[in-house]
Amino acid sequence: MDLIFFDLDGTLLNKSSEISDYTRETLALLNERDIAYTVATGRTMHSAQHVIGQQPFVLPHIYNNGVAIWDPTGNALTLENLLDDNEAATIIECATRNGITPFINTVDVNTQHHDHIIFHHAPQHEIEKNLINKYFSKTKAALLPVDHMPAQAHITNISMIGDGDVIRGMWNELNANEGLIAYSGPAIEGDGYRWMDVHHKLASKGSAVEILKQQLGATNVICFGDSDNDMSMFSIADEAYAPSNAKAPIKEAASSIIGHHHEDGVARFLRERFSL
């Protein structure tokens, strides 16, 4: 059984953070051939579902870089490797010391739809305000002041955006912490800015892919990705493919390099790979 895992941003999605019509048609062809596929993304569940739309991803989805696995069939959510209070405090202190607003992503496991709640301090920069107004406002996430965050909240990750040099320094500092792992990349908001997501060290797409491989009885795992957070699933995949826009280390780890994400590189490869 082939089992395909798609990263979203920079891989399956185009530059407009959308699944193109050509790619949707390709996914429909996979369905017709009973070829199994799903998503493995750093996005939260609600953020990812916003861009997936009505596309039928019927198998369990991997969110938050492996922290969350959601089964749409039974609306079942599994959370692994959450940030504890001490780890969260370390990240928040680093951010505030550097003049950056941390956005604390949590999941309310007691609600029917597993509500995504983002707790944060007042934004300090225009780019943080834009993140709230232009990005978070398009999702179903609720935004609340950090002093409303309950004790023992289920914290999946802490995200932030800011000046590139500042974020790079924070990335180095947080990755030096043995309990944390931070991912970062250029922000689409403009040159000179970077985003960063910080997770528990054990959280990874690779660990979640391994869980689903065993659960679904897959014999051949195929992964598509473009960035650092995809390396863990590349390392366990039978086949791993990087679009031409991927970071250099991902290209080096890939079985092969395929077309650019904005040119339907994944879909075009799949049509050839499976004679769709």
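Which residues line the second largest pocket? In this predicted model, the lining consists of Met45, His46, Gln49, His50, Trp70, Asn75, His113, His114, Lys138, Thr139 and Lys140. Helix H3 supplies four residues, the largest share of this lining. By class, two of the lining residues are nonpolar, seven are polar and two are charged. The volume of the second largest pocket is about 240 Å³.

The largest pocket has a volume of about 1,500 Å³. Its lining comprises 50 residues, and Asp9, Ser17, Arg43, Ile188 and Trp195 are those nearest the pocket centre. Two or more lining residues come from each of helix H1 (8-12), helix H3 (45-52), helix H5 (126-135), strand E9 (155-163), strand E10 (180-186) and strand E11 (193-200). The lining of the largest pocket divides into 15 nonpolar, 23 polar and twelve charged residues.

Trp70, listed above in the lining of the second largest pocket, belongs to strand E4 and stands opposite His61. Strands E3, E4 and E5 form an open sheet in the order E3-E4-E5, with antiparallel pairing. Strand E3 (61-63) and strand E5 (76-79) each have a single partner strand and therefore stand at the edges, with one side of each left without a neighbour in the sheet. On average, neighbouring strands of this sheet are turned by 20 degrees against each other, direction ignored. E3 and strand E4 (residues 68-71) run antiparallel and are joined by three bridges. Helix H7 (residues 205-216) packs on the sheet and touches E3 and E4. The direction of H7 makes about 160 degrees with that of E3.

How values were computed: Residues numbered from 1 in each chain as written. Predicted model: local features only at pLDDT ≥ 70, side-chain atom pairs only at ≥ 80, totals over all residues. Heavy atoms only, no water. 1 Å grid on protein atoms, 1.4 Å probe; cavity = no way out; pocket = protein on both sides within 12 Å on 5 of 7 lines; lining within 4 Å. Points joined across faces, edges and corners; volume = space filled by probe spheres on them. Nonpolar A, V, L, I, M, F, W, Y, C, P; charged D, E, K, R; others polar. Pairing = 2+ DSSP bridges. Axes fitted to C-alpha atoms, helices over the stretch in contact; angles between N-to-C directions. Contact = heavy atoms within 4.5 Å.
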